[in-house]
Amino acid sequence: MRIVGLTGGIASGKSTVSNLFKAHGIPVVDADIVARNVLKKGTGGWKKVVAAFGEDILLENGEVDRAKLGQIVFSDPGRRQLLNRLLAPFISRGILMEVLKLWIKGCSIIVLDVPLLFEAKMDKWTKPIVVVWVDRKTQLQRLMIRDGSMEEDAKSRINAQMSLDLKRSQADIVIDNTGSLEALQEQFQKVLTQITRPLTWTEFMLSRKGAFMALFSIFVGVAICKRSP
């Protein structure tokens, strides 16, 4: 099984690339969706976060006010690290369960869409790693337009993340999204060709088919040994 890591930064276009993978039939495990699930009322992640940040972050229905929590952590690096530390085990477990479900279905290529791929050390699980990159000026402009935010607020949110230049330096594949949507789609087609190439032997053995073949080989070997004088 090939697990492709997909990451980028805020307003880099990573979600667009993730949707392109889905549109081409490649299953995607979205860490943001997993994170939302682990913060649902009554879950272990919800209890940890409420205990650490107080009930002021809750909506009237008891769910976490994600916008309010986001404002708190983006302006305070210490509290941001605390939040990441509290949720990391729950998110990692959730992602692992989603991957397992896809493995059981027989999927041979899976994309992990994880904004904090490097920060959470999940890059060790993935190969190749695809980074969606834009220059900082473009990133800032797109974020301000997308969210209708002031420049200082947008800069603060960008600075709260690992820089895209650093992510790019650790990537196996870089998608430059400073241009048009058409240019992005053209690059994506090349990336799609790369990641859908035939599995290596190691990747095949990690797939469901490979595991079944290995198990069958063991049974055959045992049967032959039993028949030998």
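Predicted model: local features only at pLDDT ≥ 70, side-chain atom pairs only at ≥ 80, totals over all residues.
Local features need pLDDT of at least 70 and side-chain atom pairs pLDDT 80 or more, while totals for chains, interfaces and linings use all residues. Residues are numbered from 1 along each chain as its sequence is written, and side-chain values use heavy atoms, with hydrogens and water left out.

**Exercise 1.** Find the aromatic pairs and classify the one formed by Phe-21 and Phe-188.

*Solution.* 
- Start with the criterion: rings of Phe, Tyr and Trp (its six-membered ring) pair if their centres lie within 6.5 Å; planes under 30 degrees apart are stacked, over 60 edge-to-face, the rest tilted.
- The structure holds 2 such pairs.
- For Phe-21 and Phe-188, the centres are 4.9 Å apart and the planes make 75 degrees, an edge-to-face pair.
- Now place the residues. Phe-21 is in helix 1 (residues 14-23) and Phe-188 in helix 9 (residues 181-195), so the pair ties together parts 167 residues apart in sequence. Helices (H or I, at least four residues) and strands (E, at least two) are DSSP runs, numbered from the N terminus.
- Check burial. Buried means under 20% relative accessible area, exposed over 50%, partly exposed in between (1.4 Å probe, protein chains only). Phe-21 is at 0% and therefore buried. Phe-188 is also at 0%, hence buried.

**Exercise 2.** Classify the pair Trp-201 and Phe-204, then state how accessible each residue is.

*Solution.* 
- The ring centres are 5.8 Å apart and the planes stand at 35 degrees, so this pair is tilted.
- Both residues belong to helix 10 (residues 201-206), 3 residues apart, about one turn of the helix.
- Trp-201 has 58% relative accessibility, so Trp-201 is exposed.
- Phe-204 has 23%, so Phe-204 is partly exposed.

**Exercise 3.** Which ring does the charged end of Arg-168 sit over?

*Solution.* 
- The test: NZ of Lys or CZ of Arg within 6 Å of the ring centre and within 35 degrees of the ring normal.
- The ring is that of Trp-133, with the charged end 4.3 Å from its centre.

**Exercise 4.** Describe the burial and partners of strand 1 (residues 2-7).

*Solution.* 
- Count first: 6 of 6 residues are buried.
- Two strands pair if DSSP finds at least two bridges between them.
- Strand 1 runs parallel to strand 3 (residues 109-113), joined by 5 bridges.
- Strand 1 also pairs with strand 4 (residues 129-133), in the parallel sense, over 3 bridges.
- Locate Leu-6: opposite Asp-113 in strand 3, and opposite Val-130 in strand 4.
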